[in-house]
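Here is a short briefing for a first look. Take in the sequence and the structure, then read on.

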Amino acid sequence: MRLEKCWFCSSTIYPGHGIQFVRNDAKIFRFCRSKCHKNFKMKRNPRKVKWTKAYRQLHGKDMTKDTTFEFERKRNRPERYDRNLTEQTLKAIPLITKIRHDRLEKHISNRHKPGKRKEMEKDSKELDQDIGMLPKKLISNEVTAEKTKIKVKVVQQQTEDNAMEE
Amino acid sequence: MAAFLRSKCPSVGRTLMGSLGNSLFGAANSSVEAVARPSHCDAISQQIRTFIQMRTNLKVVDNSGAKRVMCIQSLRGKKGARLGDTIIGSVKEAQPRGKVKKGDVVYGVVVRAAMKKGRSDGSEVQFDDNAIVLVNNKGELIGTRVFGPVPHELRKKKHLKILALAEHIV
């Protein structure tokens, strides 16, 4: 039993799933589901189809270089059965998967950071500039209090002087 | 429906029309998907792959001299032959100096079928075209070479000579 990779979307193909297409030059294309198979028949290039791993890795959306990928190599020589080795491998697999997943999430959130900061700046600027456009009811009492606090001082001394002069 | 498709896709290959024609006449229960808006490339690539029946053209992939054979009888199955089955065919096109001539009635073993064949591990295999290798009525090969990939389903059918001569076993 071997877990293959879908030629189109690069997801794992478990036993009992998918179709293998053999071309006349003996190249085998494996597909995980009919969606990928149909896209292949339409002659679409996976590097241009947004939801495939090939596109995402090509355009830097997902991480490409990581040590966790080294663990998943295609091995053609069968390993001699060793109970300890098998046990350790089976314990390690979910750990490695979790680490890879966490690193991938970090990569994606790092990618989003500068965009998020720009959004925040833009929003706060908009708030400062255009707060007057909102109806008075929506603006909280604190804000209206701040705005209405700025009062012009009435100068009364001058009028008294005028009166006194005359 | 056939006429409608024909008018929409003028450059559709012969096999599509042939297989649709066969499904209308023959006993094959091929499910014809109702395509709402058949665009040019959809109709060609979403071809319905069915059994190898009477009037099916097959490519000959050995050096026996024949190039194209038309199936006149499938020796297995009511609906038609699949991957690994034997058929009787009539040679439609042959090379000038070969072991078989045009018009000969020959037996052949299907080595590549465009219709998917299920394997015991649950996977399914599908080839690009329909191809046969010519055989005499005892099951011995007429040609001495086999071209292209060949499935290992032939091992179960005891066509070991074909597997031995094959370039690539899938």
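Two strands pair if DSSP finds at least two bridges between them. Strands (E, at least two residues) and helices (H or I, at least four) are DSSP runs, numbered from the N terminus. This is a predicted model, in which local features need pLDDT of at least 70, side-chain atom pairs count only at pLDDT 80 or more, and totals for chains, interfaces and linings use all residues. Residues are numbered from 1 along each chain as its sequence is written, chains are lettered from A and ligands numbered from 1 in the order in which they are written, and side-chain values use heavy atoms, leaving out hydrogens and water.

**The sheet**
- An open sheet of 4 strands runs in the order β4(A)-β3(A)-β6(B)-β5(B), with mixed pairing.
- β4 (28-31) of chain A and β5 (117-118) of chain B stand at the edges; each has a single partner strand, so one side of each has no neighbour in the sheet.
- β3 (residues 19-22) of chain A pairs with β6 (residues 124-127) of chain B in the parallel sense, over 4 bridges.
- Phe21(A) has Gln126(B) as its bridge partner in β6(B).

**Glu153(B)**
- Glu153(B) sits in helix α4 (residues 153-156) of chain B.
- Its relative accessibility is 12%, so Glu153(B) counts as buried (under 20% relative accessible area; exposed is over 50%, partly exposed in between; 1.4 Å probe, protein chains only).
- Beyond neighbours within four places in sequence, Glu153(B) is in contact (heavy atoms within 4.5 Å) with Leu83(B), Lys117(B), Gly118(B) and Arg119(B).

**Leu3(A)**
- Leu3(A) lies in the segment before β1 (4-5) of chain A.
- Leu3(A) is partly exposed, at a relative accessible area of 42%.
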